[in-house]
Amino acid sequence: MNALRVRRMIAEEVRQLFRDPKTKRIIFAAPIIQLLAFGYAVNTDVRNVATAVVDHDRSIESRLLLDAFTASGYFRVVETSDRTAAIGEALDHGRAVIGIEIPPGYAADLKAGRAPAVQLLADGTNSNTATVAQGYAGEIVQAYGGRLAASAGIRPATVEIRTRAWFNPSLESRVYNVPAVIGVIVLMMCLMLTALGIVREREVGTLEQLLVSPLSPGELILGKTIHVAGIAMLQITHVTTVALLWFGIPITGSSPTLFVAAVLFILA
């Protein structure tokens, strides 16, 4: 293997890449477009979920429970009714995603020390929204019940289960999606730019010249891939910087480890 021939071919490939305006747009514009798309357009956060309410009790306690839902910012009451069937109708017609039904005697059960039942119905056509909304509702009811127990002087249970997300504790979708763009960009760019380099040789009619040139197969592969690996590492640095400065994505791990893993991924 001749290092001089490999260097000459890498230099020729770099000139060809940056000579083509379309390729320059792919290298520099496509990663930013992907980053913005994943950061803003692909959003799985659950806020202001349309909620239908049927309150049969109509007491101060039931209104306080509904206030706890709306004050959280996760739920927005769009429809109220006295009929139980109204929740099913709102869910079927897409007017609401969550339905809350408070039965009669809710306040009386609270005052008597009994555990009242509150029904929560979710539209399962969007499983992610339904699951997250149910989780929020469970936390709200648990916190509201704890406040009621404390105000009544009831000692809370000695065993309590708490679920905590160590990474991305606020469960913001962009904190998951934006870092994933790094892997997507490395995968797509390495494959696409290398493929474009081969296709370009076929288009301009120089592939046959490469086949009869003194280049060995190993030199040809290195000449077509080394510069692409360098561009991929440059794009990782670019995208990571934008993710930190624009989206405020926290990096709590080791940056050198990230780049070493990226190099291994590119080699694969």
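Close-up 1. The structure holds 3 aromatic pairs, a pair being counted for rings of Phe, Tyr and Trp (its six-membered ring) if their centres lie within 6.5 Å, with planes under 30 degrees apart called stacked, over 60 edge-to-face and the rest tilted. One of these pairs is formed by Phe18 and Phe28, which is tilted, at 6.1 Å centre to centre and 40 degrees between the planes. Because Phe18 lies in helix H1 (residues 3–19) and Phe28 in helix H2 (residues 21–41), the pair ties together parts that are 10 residues apart in sequence; helices (H or I, at least four residues) and strands (E, at least two) are DSSP runs, numbered from the N terminus.

**Close-up 2. The rings of Tyr74 and Tyr136.** The ring centres of Tyr74 and Tyr136 are 3.8 Å apart and their planes stand at 10 degrees, so the pair is stacked. Tyr74 lies in the loop between helix H3 (60–71) and strand S2 (75–81), while Tyr136 lies in helix H6 (residues 127–151), so the pair ties together parts that are 62 residues apart in sequence. Tyr74 counts as partly exposed at 23% relative accessibility, whereas Tyr136, at 11%, counts as buried.

**Close-up 3. The open sheet.** An open sheet is formed by 4 strands in the order S2-S1-S3-S4, with mixed pairing, two strands being paired if DSSP finds at least two bridges between them. S2 and strand S4 (119–122) stand at the edges with a single partner strand each, so one side of each is left without a neighbour in the sheet. From one strand to the next, the twist averages 25 degrees. Strand S1 (residues 49–55) and strand S3 (residues 98–102) run parallel and are joined by 5 bridges, and the bridge partner of Ala52 in S3 is Gly99.

**Close-up 4. Helices across the sheet.** H3 lies across S1, S2 and S3, running at about 160 degrees to S3, where contact means heavy atoms within 4.5 Å and angles run from 0 to 180 degrees between N-to-C directions of axes fitted to C-alpha atoms, for helices over the stretch in contact. Helix H4 (residues 85–92) lies across S1, S2, S3 and S4, at about 175 degrees to S3.

**Notes.** Residues are numbered from 1 along each chain as its sequence is written, and side-chain values use heavy atoms, with hydrogens and water left out. In this predicted model, local features need pLDDT of at least 70 and side-chain atom pairs count only at pLDDT 80 or more, while totals for chains, interfaces and linings use all residues.

Terms used. Buried < 20%, exposed > 50% of the residue type's maximum accessible area, 1.4 Å probe, protein only.
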